[in-house]
Each structure stands twice: as C-alpha cells, then as structure tokens.
Amino acid sequence: MSSDATTDVPAGSAGRPDAEPPHPAPSAGPAAKPRTARPADPTAEPHAADPARPDTLPPHAADPAPAHAHLGLGRLYLRRFSRNRLAVAGAVIFALLVLFAAFGGRLTDHAYTDADFAALTQPPSGVHWFGTNQGGNDVYACAVHGLQRSLTIAVSVSVLTIVLAAVIGSGAAYFGGRTERATLAVIHFLLIVPSFLILALVSHRLAGDWRVLIVVLTVFGWMSTARVIWSVSTSLRERDYVKAAEFMGVGPLRIILRHIIPNLGSLLIVNLTLGVVATVLSETALSFLGFGVQTPDVSLGTMLADGATTVTSAPWLFAFPAGLLVLLTVSMTLIGDGLRDALDPTSATGSAGGRR
Amino acid sequence: MTLATPQLDPASHEGARPVLSVRDLRVTFPSEAGPVQAVRGVGFDLMPGRTLCVVGESGSGKSATAMGIMGLLPPSAGLSGRVLLEGQDLVGLDDRALSRIRGRSIGMVFQDPLSALTPIYSVGRLLSDALRVHQDLTRRAAWEQAVQLLDLVGIPDPRGRAAAFPHEFSGGMRQRVVIALAIANRPAVLVADEPTTALDVTVQAQILDVLRLAQRETGAGLVLITHDLGVVAGHADDVAVMYAGRFVEHADVTELFRRPAMPYTARLLAAVPTVDGGTRRPLVPIGGEPPALVDLPGGCPFAPRCAVALDACRTAEPELRQVPGHGEVACLRATEIADGSLDPKRDAAPVEPRSPEGRAAAGEVVLRVEDLVKTFPITKGAVLKRRIGTLHAVGGVGFELRAGETLALVGESGSGKTTTLLEILRLARPEGGRIEIAGTDVGTLDSAAAVRRLRRDVQIVMQDPLGALDPRMPVFHSLAEPLRAIGRDRAAVRTRVGELLALVGLDAAIGDRFPAALSGGQRQRVGIARALATEPKLLALDEPLSALDVSVQAGVINLLTRLKRELGLAYLVVAHDLAVVRYVSDRIAVMYLGHIVETGDTEAIFADPRHPYTRALLSAIPIPDPGRERTRERVVLTGEPPNAARPPEGCVFVDRCPLYREAGEELKRRCRTERPAQTAVPGSPGHRYACHAV
Amino acid sequence: MVRHVIRKAAGWLLMIAVATNATYFLASWLLDPRSNYRELRPVRSEEQIDRALAPYNLDPREPLVHRWWDWFTSVTLHFDWGKSPTGVSVNGEVGYRALVSAELVILATVLSVVIGVALGVYTAARQYGWADRISQAVSVVVFNIPASVAALVVVFVAIWLNQHAGMHFLYVAGENSPDVEGLLPTIGDRLLHLIPPTASLTLMGYVGYHLTQRSLLLDTLGADFVRTAQATGLTRAQAIRRHALRTALIPTAASVAFSVPAVFTGAVITETVFGWNGMGRYFVQTIGKNDVHGAVATAAFAAALTAVGAILADIATVFLDPRVRVS
C-alpha cells in the first residue's frame with residue numbers, strides 16, 4: 001500500500017500489481033518511484049567502457065581508473081552525494097528533526113500528557129510555545145512526542161520491510177522455479193487483497209499500541225518492495241559474476257549474501273529512505289482516520305485529526321504537526337533521491353542524447 | 001552464391017570537390033576526473049563516391065568523431081572545429097538548421113540495429129516519415145518509395161514487410177532498414193558507425209554488401225567507422241587510423257596495408273589474427289594500454305608502447321605530416337619507417353605458435369561428450385506460463401578432449417556452442433547423452449560433495465571480463481572466493497592469490513582494486529587467474545578474446561598458450577571468430593543449429609574445409625589485406641540462421657546451403673529428409689564432416 | 001486477445017474469491033457487531049443483543065462456519081451481500097455510494113492526468129530549465145504532503161475565500177445542500193460542493209503523473225531510436241514529440257487505465273474531510289460501526305475493481321504497444 005496514501009487512498013486500496021514484465025508498472029504512485037533530483041551532469045559518470053560495444057560514446061579513453069583507484073568507493077559516493085545541494089539540505093533538515101524529537105522535550109517543562117486546565121485552546125505564547133489544544137495539552141510537547149512516535153514507527157517499519165523484502169525478493173529470484181512461482185503468487189495475492197482495509201481492520205482492533213502498528217504495517221507493506229527487488233534480482237541472477245560464482249562451487253546462500261544483496265545495495269538504501277516517507281504517510285492516514293495510534297498516545301497523525309475540526313478557529317493545532325510532517329517527508333525524499341544519484345551511476349539515464 | 005568483390009573503383013577523383021571536409025574537429029566530454037578529450041583535432045576530406053575508413057580501438061574517439069560530424073553529441077559535450085558539408089559549416093548551426101541537413105545531405109547508420117528503430121512504428125511508416133521530412137510527398141507516394149527502399153536493401157517481400165514492426169525483424173534485417181533510412185533522401189555523405197559489430201560474421205558480409213550497394217546507388221561519400229582491419233581492407237579507399245583522439249596515419253588503403261608508416265599501425269597489423277591461406281604468421285602483441293584521455297601528458301600518446309620511440313617523442317606530440325609517397329603520418333620516424341630503414345616492431349616478441357609437440361603430449365581424456373542433447377521450453381505469459389514450443393539448442397553433440405589440448409567450438413550465435421559449454425559446466429545429468437569429466441560420468445554424481453569435488457577440475461573464463469567480476473568486490477576477494485568455496489584457510493588463500501596474480505602476470509597491488517579500476521586486458525587476466533585458482537584440469541573459455549581490443553588480444557593469447565604448456569591444461573574454447581581460434585586451438589568443431597557439421601585438426605580445417613558452412617564461415621571473415629580481400633572468391637550465405645524451434649528434418653543447413661541449391665532432385669530429397677552422417681576425410685585423421693553433397 | 005483476457009479474468013476472479021472470503025473471516029474475528037447495541041438505551045442484555053443481531057446473520061452464538069456458509073450462499077446465489085448490524089442493506093449502500101464517489105473522483109482523475117502528463121512532458125523537454133526546476137520543486141513538496149494535510153489546507157483556503165468574498169459560495173461539507181430545488185439550482189449546488197474536494201484530489205493526483213511522466217520521457221530521450229530519428233532530419237523537439245513521447249506515453253496510459261476503476265472506490269481521506277458519503281467514507285464507517293458485511297463488501301468491491309484495472313491496463317498496453325501484441 002505504502003505511498004498510496006499520498007494520492008489519498010482509494011477505499012481498501014489494493015497495492016498495484018504491475019502484472020507482466022512487458023506490462024509497465026501501472027502506477028502513478030508507488031511502483032515507479034518518480035525520480036526527482038538528477039545529477040547536474042549525466043555524462044559525468046565513471047562507468048567503464050562497455051567492452052561488448054567497442055568505442056561507445058562517451059569514450060572512457062581506455063581506463064577511467066587511475067582517477068578513482070585511490071579514491072575509496074565510500075568517499076566517491078559521499079562526494080557525489082554532497083554535490084547535490086538539495087540532498088544535503090534534506091540531510092540537514094532530517095538531522096535537525098531527529099535532534100528535535102530526541103531532545104526537544106528537555107526544553108519545556110510540560111509533558112504531552114499534562115493538561116493545563118487554565119489554558120484550553122490557547123494560541124502560541126511564551127508559556128506554551130506552540131499553544132494548547134482543547135484538552136489543555138501543550139502542543140509543543142505533543143509535537144515532540146508525536147514526531148518521536150512517528151519517526152520510530154516509520155524507521156522501524158521501513159527497516160523491517162526492506163529486510164523482509166530483500167530476503168524474500170532475492171531468494172525467490174535466485175532459487176527460481178517452484179520457490180519463485182509460489183512467492184510471486186503470494187505477493188500477487190497480497191497485492192489484490194485491499195491492504196489498506198485490512199490494515200484499518202487489524203489496527204482498529206489491535207492498535208492503539210504503536211508496536212502492534214509496526215508489525216501490522218510491516219506485514220502488509222513488504223510486497224511491492226519485494227516485487228521490485230525480485231525483478232532486479234532476476235537480472236542479477238543472470239549476471240556473469242553470479243554464474244561464475246556458481247561454477248566455482250560457491251553455495252547459494254553465500255551467493256545471495258555476497259553477490260546479489262550487495263549489488264542491490266543502492267536500491268535497498270533508496271527504498272529504505274523512501275519507505276520511511278511511505279510509512280509516515282500511511283501511519284498518518286491511519287491515525288487520522290482513527291485506526292492508528294490512539295489516545296492517550298500521540299502521533300503526528302492523531303494531532304492532525306485533532307486539529308482538523310478547528311482549522312479556522314485554532315489553526316496552530318493543525319499547522320505545527322502538518323509542518324513537521326511535511327519537513328520530515330520532503331527531507332527524506334530529498335535524501336533518497338540524492339542517494340540514488342550518488343550510489344547508482346546507471347540510473348542517470350535521463351542524459352539527453354547520451355548513451356547508457 | 002559466389003562473387004568476387006569488386007576492385008577498387010579506378011575512377012579518378014582528381015579535381016572533384018570534396019563533399020565533406022573536416023578541419024580540426026575537437027570533442028570533449030565532462031567527467032568525474034576532468035574533461036575527457038575524446039577527439040583532439042581531426043581533419044580530412046571526403047570525395048564523392050569514395051570511402052574513408054576510420055579505424056581504431058575502443059576509446060580512440062572514432063564514434064565521437066562520427067557524432068560530432070552529425071551534430072548528434074549529447075548537449076554536455078563540447079564541439080569545435082569545422083565540418084564543411086558541401087561547403088556549409090555544420091559546427092555552430094542550431095538544431096533547426098542542422099535538421100534540414102541531416103537525412104537530406106548526410107545520413108547515418110548506427111551500431112546497434114536492435115535499439116536504433118522506434119519500436120512503435122512500422123518500418124514502412126519510419127521510412128515514409130523520413131522521406132516526408134525532406135520531400136513533399138503524399139502518404140501513398142512516400143509509402144511506395146519506402147517499399148522500393150526496402151527492396152533495394154534486400155528485405156524479402158518488401159510490400160508485405162513494410163507494415164511489420166521492427167521487433168519482427170532479425171538484427172541483420174533491422175540493420176538493412178537502418179541503412180534504408182540513412183539513404184532515403186539520397187544524401188551526399190553517409191556515416192556508418194560500426195554498422196556490423198553487433199552482427200554475426202556471415203550477416204556482416206551481407207550488410208557490408210548492402211552498404212556498398214547503397215553507396216553505389218546514391219553516389220555518396222562514405223565514412224565507415226570500424227575496429228575491424230579486415231573490413232577496412234575490403235571496403236576503404238582511404239584509411240585513417242585513430243589513436244587517443246587523433247588521426248595518427250591517414251593514407252591510401254593499399255599503401256597503408258603494404259607499408260604502414262606509423263608504428264602503431266604497423267603493430268596493430270602485426271597483432272591482428274587472420275584466416276587467410278598459407279602459413280600462419282606469428283602475432284605480435286603491442287603491450288601496454290592506450291592512455292586515458294584526461295589530462296594527457298605531453299608527447300606522442302603512443303610513445304610508452306612504442307618500440308622505436310625517441311626521447312623527442314616523449315616531449316612533444318608529433319603533428320600529422322605528409323610523408324612522400326605515402327600519406328600523412330604523425331610520427332617523427334615515419335620517413336625512416338616508410339623507406340624501410342626502420343622496423344617499428346623491433347624487439348617485440350611474437351606470440352609463440354602452438355607448440356607442435358602439443359599434440360604428442362596430449363594425455364588422458366579430460367572430457368568426453370557423447371550425444372549431448374539440450375532443449376529449452378518456449379513459454380509465453382508471465383504469471384501462468386504455458387509452453388508453446390521447444391527450442392532445440394543442442395542436438396546430439398559429441399567430442400573428446402585430452403589434457404594439453406585445445407578444442408574450439410565455432411559457430412554463429414544460436415549455433416548451440418555456448419549451451420554445450422554451459423551444459424558441461426553444470427555438472428548434472430544432461431537431458432540426453434553423456435558427459436564424462438576426468439573419467440567421472442557426471443550423471444553418476446549423487447551427492448553435492450561429489451559435485452563440489454568435480455567442480456575443482458572444471459572452471460570457466462567468461463566472455464565479458466567486466467561482467468564476470470562482481471563490481472563490488474576487490475580483485476583479491478574475487479580470487480579468494482573459489483578457494484574459500486573449497487575450504488582453504490585464510491593463510492592458504494592469501495598465498496595462493498599472490499601466486500595466481502603472478503601466474504597471469506599481474507602486480508600484487510592489483511588485489512586491492514575494484515574491477516572498474518582495471519583495464520580490459522587486466523580484467524581478463526583476473527578472470528583467468530580466478531579460473532585457475534582451484535588447479536582445474538579443464539578450462540572452459542567462452543569467447544575469451546571477443547571483448548578485447550586487438551592490441552590486447554595477442555597478449556592474452558600468449559598467456560593462454562603459456563599456461564596450457566606450463567600447467568598441462570585442456571581448453572574448451574567457444575568462439576565465433578575463426579581467425580582467433582586458429583591461434584589458440586589444436587582442433588576445431590564447427591557447429592550449426594545445435595549440430596557439429598565438421599570437425600578436425602585446425603590446420604586441416606583451414607587448409608581443406610569440406611562442409612559448405614565451414615567454407616562460408618571462413619570466407620565471410622574479412623582478411624586485413626586489401627589485395628587478397630578484394631580478389632578472393634567468397635561464398636556469401638544468404639539469409640540468417642533459422643529458428644531452432646523448428647530445425648529442418650534433414651540436414652540442418654539445408655535452408656542456406658549453396659550446394660543444395662545447385663543439387664539434383666535426388667540429392668535435394670536426401671538433404672531435406674535425411675540427417676547426414678559424419679564422414680571421415682581420407683588421409684586426414686580426425687577430420688570429419690556431415691554433408692550429403694560433398 | 002479475447003481468450004487472453006478471459007484467461008486473465010478467470011485468474012483474477014479466483015484470487016478475488018479467496019481474498020474476499022479471507023476478509024470475511026478476518027472481519028468476523030476483529031469486528032464486534034454487538035458494540036452497536038451496547039450504547040443504546042435502555043440497556044440490553046448480551047442475549048438480547050445477540051437476538052437482535054440474529055436476523056442479520058451476525059449472531060455470535062452461531063458458529064462462524066455456519067454464518068460464513070449462509071453469507072457465502074446468499075452472495076453466490078442472490079448476490080446479496082448481507083445487512084449491517086442495524087439492518088441496512090449493504091447492496092443498496094454500495095450502489096449509492098459508489099456513484100457518489102464516482103461523481104467526486106472522475107473529474108479529479110481527468111484533471112490530474114491532463115495536468116500531470118502535460119507538465120511532465122513540458123518539463124522533461126526542458127530539463128534543468130527554470131520551469132522544470134520550479135515545477136519539480138513544487139511537485140516534490142506536494143508529493144510528500146499527507147492527504148489529510150492537503151485536504152485541510154484546501155478547507156482552510158475555501159473558508160478564507162468565502163469570508164473574503166463575504167458570501168458562502170464554496171462548500172466544504174457534504175455533496176449537496178439539503179434544501180435546493182429545481183434542476184439547474186441542484187446542478188449548480190452540486191458543482192459548488194464539488195470544487196473544493198476536486199481541487200484537493202487533483203492536487204494530490206497530478207503529482208504522481210507529473211513525476212513519472214517526466215522520468216519516463218527522460219529515460220526515453222536517451223534511447224538510440226530518438227537519435228536515429230534526428231539523423232533522418234527531425235529537430236530534437238520533433239524527434240521527442242513523434243518518437244520518444246509516443247513510446248513514453250504507453251506506461252502512463254496503462255497506469256491511467258489501471259486507476260480508472262478506482263474512481264468508484266473513492267478517496268478515503270478527502271471524503272472524510274469534506275463529508276462526502278462515498279465509498280471511502282463508507283469504508284471508514286463500516287469499520288467504525290463494526291459492520292462485518294459492509295467491510296467485506298467494500299473489500300470485494302475494491303479487489304474486483306483492482307482486477308478490472310489490471311485487465312484494462314493490459315488491454316491498453318497491448319493496444320498501444322506493438323511489441324506485446326498477441327499474435
């Protein structure tokens with residue numbers, strides 16, 4: 001389901017099974033993650049000359065190596081990432097948000113559970129920096145706690161999802177045959193099941209507890225990522241170096257761990273960051289509808305729901321959580337795009353006229 | 001069909017005005033490491049109806065030159081100099097002005113026909129669109145012309161096929177369509193960028209003929225860009241040799257081949273393997289690698305690899321200058337070389353020919369294959385796959401290979417040679433027939449441990465040296481992997497990796513590098529070292545040289561020969577290039593559509609090819625010698641290999657066989673219905689072929 | 001082609017059936033219809049509540065398998081999807097609300113596609129120009145705004161406009177006003193109600209099309225065949241329009257075909273914020289009211305429309321792309 005929530009979920013939205021390989025991912029949202037930032041210069045990629053096609057167009061005059069030989073791979077990635085100003089800005093914003101969630105609570109005496117009955121629905125002031133809500137809770141304290149909650153959920157779900165998806169996706173691709181068919185059938189089935197509805201159903205009953213929410217979001221969130229990983233892994237499986245490893249007698253588990261998953265690296269990292277965005281959006285949507293985190297616990301989604309009714313009369317109730325949310329998702333997206341461009345030279349296919 | 005290649009057109013071009021003049025063309029690409037100076041001052045004149053071949057290795061800047069002339073470089077590239085087409089300078093023209101010239105005055109044929117055609121339009125539509133861009137034609141008239149063009153470039157049933165989409169054509173047919181697109185508006189200049197590199201050798205011969213025909217029809221001047229000196233010898237009037245972004249020699253084709261005056265050209269010619277008759281001459285590797293085109297140091301870029309370089313060569317880059325009676329050469333010592341007083345190959349050690357005693361030393365049988373069969377299901381649908389046919393990849397292949405011996409499987413793509421190799425490497429019971437490695441029938445291997453033990457004896461070197469190495473693993477770990485897989489401890493692995501690097505002539509420091517930081521030759525050496533890690537008895541080499549440049553190839557051939565002698569290995573080589581095969585193999589098996597049609601000792605096959613397919617294959621390979629290339633009799637195959645889903649019932653070659661077409665009724669019937677058996681050639685032990693008509 | 005579609009449809013039908021039945025068990029397990037009666041006055045005993053639920057096949061004393069069988073037969077034989085715990089027919093509700101959703105979402109979908117694709121094409125052809133950078137920046141931000149935030153911002157703006165104009169012309173609650181009579185006033189009233197939620201949905205929807213269309217086209221711009229087209233004498237712009245764009249639109253067309261049926265399932269958050277009684281809100285309400293049959297019917301409806309969308313997308317691709325045409 002993931003970022004379906006962006007375009008507002010159709011009721012009981014099923015994920016989007018992009019069925020056939022020749023059948024392009026039919027999705028405006030999640031499956032084909034739209035690229036945003038692109039490197040300023042598409043030909044500036046240090047990809048080696050394609051040996052099968054002598055004299056490919058930007059000619060990498062034989063050996064682009066010396067320039068990179070002593071520049072470690074990590075340093076190279078960092079350099080490429082830091083050249084993308086938007087990505088750096090995203091990283092800074094995200095770091096500030098994390099700091100705010102972790103230590104913002106120390107700056108105020110109010111706890112998010114405290115009710116100040118002397119100040120109900122007060123606009124921001126020196127005492128209550130972000131104002132108070134109808135119950136007299138300090139919005140600043142709530143926002144710190146809500147951000148903490150939303151971040152925890154988003155990061156854990158995203159990490160769990162990517163691990164699950166990587167193992168299942170690459171395993172299915174590598175082993176092929178019956179394992180692959182069965183896995184795909186399960187993914188396909190879970191994609192037609194209206195996952196948002198199931199999510200709402202399950203969390204309606206079991207949630208309130210954010211830990212349950214993490215489990216539920218993970219269980220119903222790994223499929224589309226697994227499918228992407230599977231389709232990339234099927235091409236990795238055919239790579240010569242994987243075949244070479246097989247012919248050298250390297251075991252299947254080792255091949256998956258040492259050859260397939262590392263070469264999925266950039267895809268996994270990018271999906272991890274974008275997964276955070278998707279989870280934040282899902283969690284917000286669920287909580288907004290009353291199916292996610294529930295009182296007395298607070299997340300940014302529940303704060304939005306609280307503020308929804310008083311948009312005009314008490315806009316601060318809505319504005320602060322909304323602002324934090326947008327900062328969070330936008331910064332994460334910028335980081336994700338920056339990482340994709342930095343880690344994966346071949347993704348810069350938008351080069352006008354340049355060949356891959 | 002047998003035809004003699006036409007002689008050079010003797011028509012004088014004196015006094016004619018060049019259709020294309022290029023002056024001081026420079027192309028730069030930005031890169032991580034700084035600007036890449038891909039083309040550094042190229043200039044030439046092209047006369048109408050003449051062919052200029054630009055020849056060079058990968059990265060020499062020849063494609064960038066072509067794109068620069070066409071004005072099709074990516075926007076980030078920098079272009080300067082002058083490109084005068086019929087007197088008009090194209091450099092600096094805007095897109096609109098260029099578009100009026102492209103396609104009308106200058107046409108281009110691209111390298112990869114598979115991706116060069118828009119997939120959603122029929123070829124007729126593509127052609128008529130190309131016509132209507134420059135000519136005021138009705139749809140119907142344009143379509144008619146499109147059909148004529150398709151006919152001209154040799155598409156069978158052009159009227160019917162005009163409505164077909166590009167993906168319904170084979171690679172060779174698509175390249176014909178691309179040629180038709182390029183000549184649609186009868187341009188004065190054609191630029192062809194490696195037009196046959198992506199094609200099989202028999203199809204290459206057809207396409208080059210079509211190109212020649214197209215040129216004759218339109219009278220266009222042709223700039224033919226290629227890395228294949230054989231193609232140059234057969235097609236060029238003038239040749240320009242490119243090295244490190246510049247022309248280093250530019251001369252008349254016969255002059256250039258007769259006496260190359262630039263040491264690089266001379267060395268290149270000495271390093272290229274050939275198939276032509278007579279004795280095999282030794283190959284001389286050039287050694288070293290071409291320079292990177294970022295921050296070139298001063299001096300001649302070839303100097304570090306040159307056997308006759310002077311101190312002056314290293315300080316200033318020599319200009320291209322006229323050498324009396326030869327053409328233009330960018331070498332300080334060109335005059336000495338041209339008058340024969342200096343041998344540019346001085347001190348270079350030739351590749352050792354296969355040791356004659358190699359055959360005698362051949363020991364125990366390492367590999368025995370009998371009646372090997374492999375089929376693939378042809379399926380449709382993605383979720384619910386259904387089988388709609390069977391691809392007969394290999395049908396009853398058998399051979400034997402002894403220690404110290406090299407057997408080459410040769411054939412076009414789709415002949416089943418690589419499938420045979422992979423079936424052997426799979427170490428599992430084959431679908432049909434028997435495979436025996438080092439005395440063990442792989443069908444009887446019953447445990448994973450037994451398979452692992454046998455794995456040590458068989459290893460593979462893959463075609464694409466870059467693809468065969470995990471890009472995220474340093475060389476050391478790539479080499480250590482097979483050793484860890486057989487359970488060596490850390491210390492043993494470290495010593496063995498050192499030995500292996502030394503064995504293939506690489507520096508130990510390379511162990512810390514990533515594959516992307518190695519040159520093509522180094523990568524292939526790493527690939528070979530990895531294959532040798534477990535001390536195998538049998539080495540399978542899948543097109544081990546085809547991804548390498550000529551100047552590097554000879555060195556790898558040298559290495560393989562040495563390793564075989566030192567380690568007593570058996571090589572099973574898969575290759576499409578008979579010229580290369582001649583230098584590495586003791587015996588050859590020619591495959592066609594999953595069957596061995598002829599097998600025998602290398603020299604026997606070259607001296608006396610029996611099967612019509614072998615003959616065609618041999619004659620399709622261009623010889624880098626203009627005199628012989630243009631006079632020899634050629635067997636040109638028509639058509640392309642048939643679909644292996646429905647192999648003919650009788651002889652597999654029947655559809656394309658030149659002998660079949662001339663055969664009598666009775667013989668034709670046999671060819672159609674009866675699989676020919678292997679017939680031995682009298683007086684030549686081990687030489688057998690399968691043909692009814694010979 | 002027809003056989004291909006029938007084969008696919010049969011596969012989908014099977015999966016829908018399995019998914020729907022699984023949802024039935026899940027919903028029966030997780031939803032408690034009795035809670036609808038607990039709050040009622042006078043207070044009823046558990047037994048009374050169960051008895052009240054019995055006519056709707058929701059009696060918890062009945063074994064789950066029996067209830068499922070009754071539900072299953074009534075669905076397969078009469079296409080009757082059951083009743084809510086308060087006795088409202090699910091069929092009637094879904095029928096009415098799907099149309100309400102369609103009214104809301106169709107316009108928004110059309111606008112999203114048109115705006116998004118046009119913007120994507122325009123900006124891809126001018127990569128790194130100022131128009132590209134600005135629209136890209138806007139889209140990235142919009143893409144990351146949660147639907148609820150976007151909807152509330154629209155509400156805020158609409159109310160502000162109303163106050164500014166000094167009249168109540170934009171409606172931010174409900175799909176129509178209760179007391180309007182006559183054909184033209186009714187249509188006008190509905191249109192005014194339609195504007196704010198449509199604006200919100202379009203805002204959320206165009207972004208995806210913009211970003212994917214832009215990157216699809218950029219990927220195609222580098223293709224060899226675009227260069228071939230230029231070599232035959234087209235300007236870059238012409239080559240892009242005639243060759244790259246046509247090719248790059250195929251996946252978008254498939255994706256639009258896929259999303260068309262979703263108009264009937266509505267938009268959960270937008271409907272909730274703007275108080276439209278469409279399918280989206282129905283879905284929230286069924287769960288909130290522990291309406292097992294309603295929730296299951298919503299799930300089945302959504303799954304069926306997903307299948308229809310996938311098949312439509314297949315057909316669109318086959319129709320537009322000669323490479324996958326079934327011979």
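**A strand and its chain**

Modeller: Among contacts in chain B between residues at least 6 apart in sequence, 69% join residues at least 24 apart; two residues are in contact if their C-beta atoms, placed from the backbone, lie within 7 Å. This is a predicted model, in which local features need pLDDT of at least 70 and side-chain atom pairs count only at pLDDT 80 or more, while totals for chains, interfaces and linings use all residues. Residues are numbered from 1 along each chain as its sequence is written, and chains are lettered from A and ligands numbered from 1 in the order in which they are written.

Strand β4 of chain B covers residues 51-55, and five of its five residues are buried. Buried means that 20 or more other C-beta atoms lie within 10 Å of the residue's own, exposed means 12 or fewer, and partly exposed is in between, with C-beta atoms placed from the backbone. Helices (H or I, at least four residues) and strands (E, at least two) are DSSP runs, numbered from the N terminus. From β4(B), B:T51, B:C53 and B:V55 point one way, B:L52 and B:V54 the other way.

Two strands pair if DSSP finds at least two bridges between them. β4(B) runs parallel to β9 of chain B (residues 221-226), with five bridges joining them, and parallel to β10 of chain B (residues 238-243), with four bridges. B:V54 stands opposite B:I225 in β9(B), and its bridge partner in β10(B) is B:A240.

As for the whole, 55% of the 694 residues of chain B count as buried.
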